[in-house]
Amino acid sequence: MALPALLPVLPLLPLLARAAMPPGPPAGAGPGAGPVPADPPLPAQSPDALFAAGAEAYARGDWPAVVLQMERALRARAAVRSRLVRCRLRCANATVGPAEGAEPQTEPVLRDLLFFRGLLRRAACLRGCGPAEPSRYRLGDELDREFSKRSPYNYLQVAYFKMNRPAQAAAAAHTFFVANPGHQEMRQNLEYYQAMAGVRENDFTDLEAKPHMSEFRLGVRFYTEEQPAAAVLHLEKALEEYFVADTECRALCEGPYDYEGYNYLEYNADLFQAITDHYMQVLSCKQGCVTELASQPGREKPLEDFLPSHFNYLQFAYYNNGNYEKAIECAKTYLLFFPNDEVMNQNLAYYTAVLGENLAGPIQPREEIQAYRQRSLMEKELLFFSYDVFGIPFVDPDTWTPEEVIPKRLREKQKVERETAARISEEIGNLMKEIETLVEEKAKESADMSKFIREGGPLVYEGASVTMNSKALNGSQRVVVDGVLSAEECRELQRLTNAAASAGDGYRGKTSPHTPSETFYGVTVLKALKLGQEGKVPLQSAYLYYNVTEKVRHMMESYFRLEVPLHFSYSHLVCRTAIDEKQEGRSDNSHEVHVDNCILNAEALVCLKEPPAYTFRDYSAILYLNGDFEGGAFYFTELDAKTETAEVQPQCGRAVGFSSGSENPHGVKAVTKGQRCAIALWFTLDPRHSERERVQADDLVKMLFGTEEGDLLQEPEQEQEPPAAVTVGKDEL
């Protein structure tokens, strides 16, 4: 039986009732038991005042006050929103139903009066449950955007860090980063927290996660892991939470009219036009809840057909669990949205044949979804009508809307608009490409050639040759050298890695410190030599590792014509292995774009040379041990971390060397299959920052081999590392 081409909802009416239920009297209480309990009290201070107080405390370095005020601001905003939702839902329930005294043949004038009587009662209810000073608790657009961007968590992560509470700092940083994945500084902070003592994997949680989305992800995970019972449990829970969130979202749409460019004083619509304008704005917002609930923080596009997809998953999960009745129910429910879906109709036919027509026939789509669909279609009809007649724009968030709901004239108009937009977009795209080409050519012509003067010295080792220089790599202080290692030396160093490396080395044992789709194993020079001394790995292999790092150091000094020697800042022999079952749908890198000695802010196109960056690093190098894997290419970019300037494919004996500053942002693309091994090396010109482990390794080599460092350099060996992380989990090549 075929798996559905599309990714595969719970009682809507009971759920809406649950979400909208006003607090009632205790169980068993009679009509005279007393009034309905009031809404929870509003916070003593408004969210904007608390946020401002937290920002002021941050400016003066009062970290406990930052935590106190920002956490209060988050709770206050949640309380204000919750109270508003409860108020609107309670008032909607209190005034629901036909107008009192309304009869089918009531005169038009009386019908209008009865209609407005209901509106007045609802408005009175809303006024009665609001705060005494509503403007005091109304967030401005700018501050509301700060909360939407989760800015309070940016303040909190710094404050927690300053107060030596790394677990809370990690949670706050992760929560902010989920909504701002392009924030390079926060990405580096997270890498730093990963290596800190007292921080566990489960501390990196999203404190603002939407319950329905969390349950949906769990359901999909269990679905892909072929655990249908667990998938059903979480997907059904996701549906339940979805409708609670949908009810809240729709209630929050019933706010004041947004004049959207109108001058308030010049807006002169009559009674019914004003009602139409406002109501269509509210309906459009309510339809937008489909997009809001399907959106994931930090992602540009929402999940398509999010609500129907629950039933696509569920019908197959129920089938795999042997529950044909539920499989049929979910399949029929899905077909409410996409009645012509070929795969789903085939699945339904199969389930029906297995269960029998007499048992399958009476099973109907879920009533609550029928009600949801009917309500949505009615809203769409009104919105499309107002678009067609009054020109009030409406963008349908659903792909399942039947064509007949859209007026024919509007369908034709939209078709012309789409074709025009596509043509204009194509023309603009072509024009932009031409402009970019001209700018690039001009930049190349006017490039300052002085940046190439310092490099180009001899490589000092026989067999090594420059494959690409800075000009070929479209940058400065860059070089690719081949022939640094022989094939046998590459294999020997790979065997050393697999024998000596430990999981998560440099990251306190975290096997996947940068991406959950790859495992990370590493070993330092000193550790390899000690294991060789103990007889746990071949001592000559560890010796080769040591000599190779020295070889690369001297090649870097000579090629870049450095007047002072380089000192080792850190050396790491690392293998990264793709986890096969975690590659499908993968979109991350093996190591995101970064700079080795400063904190890259790609949005601002700046790189801040300040702690916690390794500001003392001056040069970096990578020596590859193999190329028999998929993905894993090394690449340079501009400061925007997006514009790729050069790409280097790893292979045995190939080294990439470059200066560690803002002129060389770089990253590593995902390793999608196989194992990628390399030696990563960072150097400093300042002897005060020379790596202590390296001094110990030098002493151990002298003791074991009785050889001076200068003699060791004649060994033609070396290695390099993949795009993994360095000792404390910060920059890695």
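This is a predicted model: local features need pLDDT of at least 70, side-chain atom pairs count only at pLDDT 80 or more; totals for chains, interfaces and linings use all residues.
1. Partly exposed, as the word is used in this note, describes a residue whose relative accessible area lies between the buried range, under 20%, and the exposed range, over 50%.

2. Lys669 is placed in the loop between strand S14 (666–668) and strand S15 (671–673), whereas Glu647 belongs to strand S12 (residues 644–648), so the pair ties together parts that are 22 residues apart in sequence. Glu647, at 34% relative accessibility, likewise counts as partly exposed.

3. A salt bridge also joins Glu236 and Arg366, whose closest N and O atoms are 2.6 Å apart. This pair links distant parts of the chain, since Glu236 sits in helix H10 (residues 228–252) and Arg366 in the loop between helix H15 (357–360) and helix H16 (367–390), 130 residues apart. Both Glu236 and Arg366 are buried.

4. Arg688 and Asp686 provide a further case, their side chains meeting in a salt bridge at 2.8 Å from N to O. Arg688 has a relative accessibility of 73%, and because this is over 50% the residue counts as exposed.

5. Beyond these pairs, a network of salt bridges links Glu550, Arg553, Glu557, Arg694 and Asp698. A search of the whole structure finds 30 salt bridges, and the pairs described above are among them.

Note on methods. Residues are numbered from 1 along each chain as its sequence is written. Side-chain values use heavy atoms; hydrogens and water are left out. A salt bridge is a side-chain nitrogen of Lys or Arg within 4 Å of a carboxyl oxygen of Asp or Glu. Helices (H or I, at least four residues) and strands (E, at least two) are DSSP runs, numbered from the N terminus. Buried means under 20% relative accessible area, exposed over 50%, partly exposed in between (1.4 Å probe, protein chains only).
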